[in-house]
There are 2 protein chains.
Amino acid sequence: MSSTAGKQGLVAVEEARRFMVDCLVKAKTPLAHAKQQADLLTEADYRGHFSHGMNRLEMYVNDLAKNACDGAAEPTILKETPATAWVDGNNGLGAVVGNFCMDLAIKKAKEVGVGWVCAKRSNHYGIAGWYTLRAMNAGCIGMSMTNTSPLASPTRSKEAALGTNPISVGAPAKDGDGFVLDMATTAVAVGKIEMQRRKNEPIPVGWAQGPDGHPTTDASVAFDTACLMPLGGTELTSGYKGYGLGAMVEMFCGVLAGANYATKIRKWTHAGADSEADLGQCFVAINPACFAPGFEDRLSDMNGILRNMPMTDPSHPVLVAGDPERNHMKKVDSEGGLAYHVNQIKTCTELSERLGVKPIVVV
Amino acid sequence: MSSTAGKQGLVAVEEARRFMVDCLVKAKTPLAHAKQQADLLTEADYRGHFSHGMNRLEMYVNDLAKNACDGAAEPTILKETPATAWVDGNNGLGAVVGNFCMDLAIKKAKEVGVGWVCAKRSNHYGIAGWYTLRAMNAGCIGMSMTNTSPLASPTRSKEAALGTNPISVGAPAKDGDGFVLDMATTAVAVGKIEMQRRKNEPIPVGWAQGPDGHPTTDASVAFDTACLMPLGGTELTSGYKGYGLGAMVEMFCGVLAGANYATKIRKWTHAGADSEADLGQCFVAINPACFAPGFEDRLSDMNGILRNMPMTDPSHPVLVAGDPERNHMKKVDSEGGLAYHVNQIKTCTELSERLGVKPIVVV
C-alpha cells in the first residue's frame, strides 16, 4: 500500500497495462489493438495524467461494447503526397488511428523532412503527448492535435462551441531530456472544477462560465454549466487568444480532415448513443536534421537557461514543459507503482466482474 | 482631417506606403526591398496593428543607418529537402527574409503538400500575420512564428527569459473570408500597459510582473519592470500554458534555426548597439487540397457557426480570428485613410526632415 493507504491503491505499471489489455480484449478488440490502447492509457497514468488513463477505460469499453467504436478497425490512407496523408480512421480506437498516423508522419519526415497527416473518423485519442513522444523517440519534433466534444465557450459566447481541443508539441534534447508541451486550449479541464466542487471551494475567475455567459467562481455552478473558458480567461485578460488557439485546432483537425467540427461533434455526455464520434486529428513530424546541426544540444541549453532562471518563490523552481510529468514518473518508479484513487480501484473491480477478467492486483 | 481632428492625422494608405518606401531607400535600402518592408508595415496599420506599422519605421531606419541590419542583403538557402529549407537571412530586413521563406514554403507545399522553412540571422519581421496572409493568398494554410527580445517571464521566474514570441496561423475560407490568428504568446503586449499608464489606470492581474516576480496591478511599475506574464497569467489560471507556447515558438525559431534564443537575444532597448539581432523564424505552408476536398466551404461553415453563437452581451457579437482586422480595414476604406496619432505624424515629419524625403501628406 502507498503512504496514503486507504485512499489509494498502488498498482504496478505492468499490472495496470495487463488489466487494461484484458478488458479491451473482452470488448471485441484484437490483442494487437488492445495493447496499443493500453500502452497509451498506462503512459497517461505513469505521466500523472490520471484523468486520461485507467479513468477512461470504462468509457472505451462501453463504446466498444455498443459498437460506437470499432476495436478491430484498421485505418486506411485516402490520399497521399510525399509530405502528407489524409487518413480514414474507420471509427477505430484512437490509439490505433493515432499511432498509424504518427508513424506515417515520421516516415515522411525521414524521407522529405516533414510529415503532416490528418485523420477523420477517429475516436478519443488519449493524451496528445503520446504521439509527440512517439515522434521524439524517432528523433523528430512531433505535433499532435485533436478536436473534442463542445465544452468551451468562444469569447463573448454564452454557450460552448469548441472542445478542450488539446495541442501537444514535443522535441528531443540531449540524454533523454526534451520539451513536451501537452495542453488543453481551455484554461483548465473539467476535472479541476470537479475537485474544487468536491472540496466546496470557489474557482478563480477565468476558468468557467455560468449559465448567463459571465465567469462564475462557484464550482458547482461551473460544473453544472459545463462551459469552460478558453486559456486566458475573460476578454480583458486575452481569453480570445485561447479561443483562437482552440479554433485553430478545430481548423487543423475537424475542418482539414473533413471530420465533424465544433457544434457538430456529439456531446461528451453521449451515453447510450451508438453513433460514431468522427473526430478529426492532426499529426506532424519534423526532422530537425533538415535544419541547423546540433538541435538537441541547443534545446538542452535552452532548457537549462529556463530551469535556472531566478525564482519568485525559492520553493518553486522554474520548470520546462514535460518536467511535471518527469517528476511524476520518478515518483511512480520510487513508489513501485501507480497510486490510483480507491474509487478507481472499485471501478476496476466492477469492470473485472462484468467482463470476467482477472481482477487488478493492488500491491 | 478625420473626425477626431487635432488628435489624429488621416493619411491615405498609398501615401503612407510611399513615405515609408522613401525613408527606407534613404537608409541604404534598395527600392525592391524597401517596397517589401513598406508593404508589410502599411498592411499592419491597415489591419489596425498600429504598433507594428509606421510606428516601427524609425527603429528600422535607425537599425539600417548603423548597419545593425543590412537593407541590401538577400537570404540564402543553406540546406534543402523537398519539404524543408534552412535559410540564412544574412541579417537582411525582416520582410525580405520572411517573404523569401514563406514563398519557398508555398512552393514546397504546392509540390509535396507541406513546406517548412526556418531562418536564422533575421530581424524584426513585423506582424506575423503578414506571412500567413501570403500563404492564404496562394490557397494554402499558413503558419509563422518568430522569437523576439526577452520581455516575458516563464511561470515562477522573477525575470524575463522569452520574448512576446508571436504565432500566426491563417487559413482561407470562401469568398475572401478566412481565419487569421495572430497573437503574442504573452497575455498582452507592452503597448497595452503603456496605455493604462498614460490614463493613470491599473492593469488586471495577469498582465505583468513587478520587480518581486509577483503580478502587479500598477501600470507604472509594470512598465518599468518590463516583465510581461504569459497568456493565462498566474500559475493558478494556467499561465504555464502560455509560457509553454512561448517556449514552443522559441524551440521552432531560435533553436531549430540555429539563431539566438531566449536570454541570448539582445535586449529590446538595444539602442546604440550595432550588433545584429540574429532572430530565428519559422514559416510553414500546408496545401489543403492534399486533405479532404472542400476545405474552404467547411471553414466558412465553421466561421458561421462561431459568429452566430448566442451572445453573452447583445452588443458584442462573437468574432472569429481576423474579424477585428477585417472591421478595421473597412473603417480605413470608409474614412479614406489611416488615422495616425498626432505624435506619429510628428515623428514622420522629423524623419522626413532628417532623411530629406518628401513630408507625409495628411488629408
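This is a guided tour of a predicted two-chain model, going from the interface to single residues.

Residues are numbered from 1 along each chain as its sequence is written, and chains are lettered from A and ligands numbered from 1 in the order in which they are written. In this predicted model local features need pLDDT of at least 70, side-chain atom pairs count only at pLDDT 80 or more, and totals for chains, interfaces and linings use all residues, while side-chain values use heavy atoms, with hydrogens and water left out.

**Stop 1: the interface**

Show chain A and chain B together. 88 residues of chain A are in contact (heavy atoms within 4.5 Å) with 88 residues of chain B. The size of an interface is often given as the accessible area lost when the parts come together. Here chain A and chain B bury about 7200 Å² between them, 73% of it on carbon and sulfur atoms; buried area is the accessible area (1.4 Å probe) lost by two parts on being put together, summed over both. Select A:Arg156, A:Phe291 and A:Thr312: in chain A these lose the most area to chain B, together 11% of what that side buries.

Between the two chains, 39 residue pairs are in polar contact, both residues at pLDDT 80 or more. A polar contact is a pair of N or O atoms within 3.5 Å; within protein, one must be able to donate a hydrogen and the other to accept it, and residues adjacent in sequence count only if both atoms are side-chain atoms.

Next, colour chain A by element. Helices (H or I, at least four residues) and strands (E, at least two) are DSSP runs, numbered from the N terminus. Helix 8 of chain A gives the largest share of the side that touches chain B, 15 residues. That side of chain A divides into 59 nonpolar, 18 polar and eleven charged residues; Ala, Val, Leu, Ile, Met, Phe, Trp, Tyr, Cys and Pro count as nonpolar, Asp, Glu, Lys and Arg as charged, and the others, Gly among them, as polar.

**Stop 2: across the interface**

The rule finds two salt bridges across the interface of chain A and chain B. A salt bridge is a side-chain nitrogen of Lys or Arg within 4 Å of a carboxyl oxygen of Asp or Glu. Select A:Lys264 and B:Asp301, whose side chains meet in a salt bridge (2.7 Å, N to O).

Now select A:Lys241, in helix 8 of chain A. Its side chain reaches the backbone oxygen of B:Thr186 at 2.9 Å. Leaving aside neighbours within four places in sequence, the contacts of A:Lys241 include A:Leu231, B:Met183 and B:Leu231. A:Lys241 has 8% relative accessibility and counts as buried; buried means under 20% relative accessible area, exposed over 50%, partly exposed in between (1.4 Å probe, protein chains only).

Move on to B:Leu231, in the loop between helix 7 (219–225) and helix 8 (239–257) of chain B. B:Leu231 is buried, at 0% relative accessible area.

**Stop 3: helix 4 of chain A**

Select residues 94–112 of chain A. This helix 4 has 19 residues and reaches 26 Å from its first C-alpha to its last, close to the 27 Å expected at 1.5 Å a residue; the expected span is 1.5 Å times one less than the number of residues. Helix 4 of chain A is largely enclosed by the rest of the structure, because 14 of its 19 residues are buried. Just after the helix, A:Gly113 takes a positive phi of about 105°.

A:Glu80 is partly exposed at 43%, whereas A:Lys108 is buried at 3%.

**Stop 4: around helix 9**

In chain A, select A:Asp177 and A:Arg307, a salt bridge with closest N and O atoms 2.9 Å apart. A:Asp177 lies in the loop between strand 6 and strand 7 and A:Arg307 in helix 9, so the pair ties together parts 130 residues apart in sequence.

In chain B, select B:Asn303, found in helix 9 (residues 295–307). B:Asn303 is buried at 0% relative accessibility. A polar atom of its side chain lies 3.1 Å from the backbone oxygen of B:Gly178.

**Stop 5: a loop residue**

Finish at B:Asn67, in the loop between helix 3 (57–65) and strand 2 (76–80) of chain B. B:Asn67 has a positive phi of about 65° although it is not a glycine, and is exposed at 51% relative accessible area.
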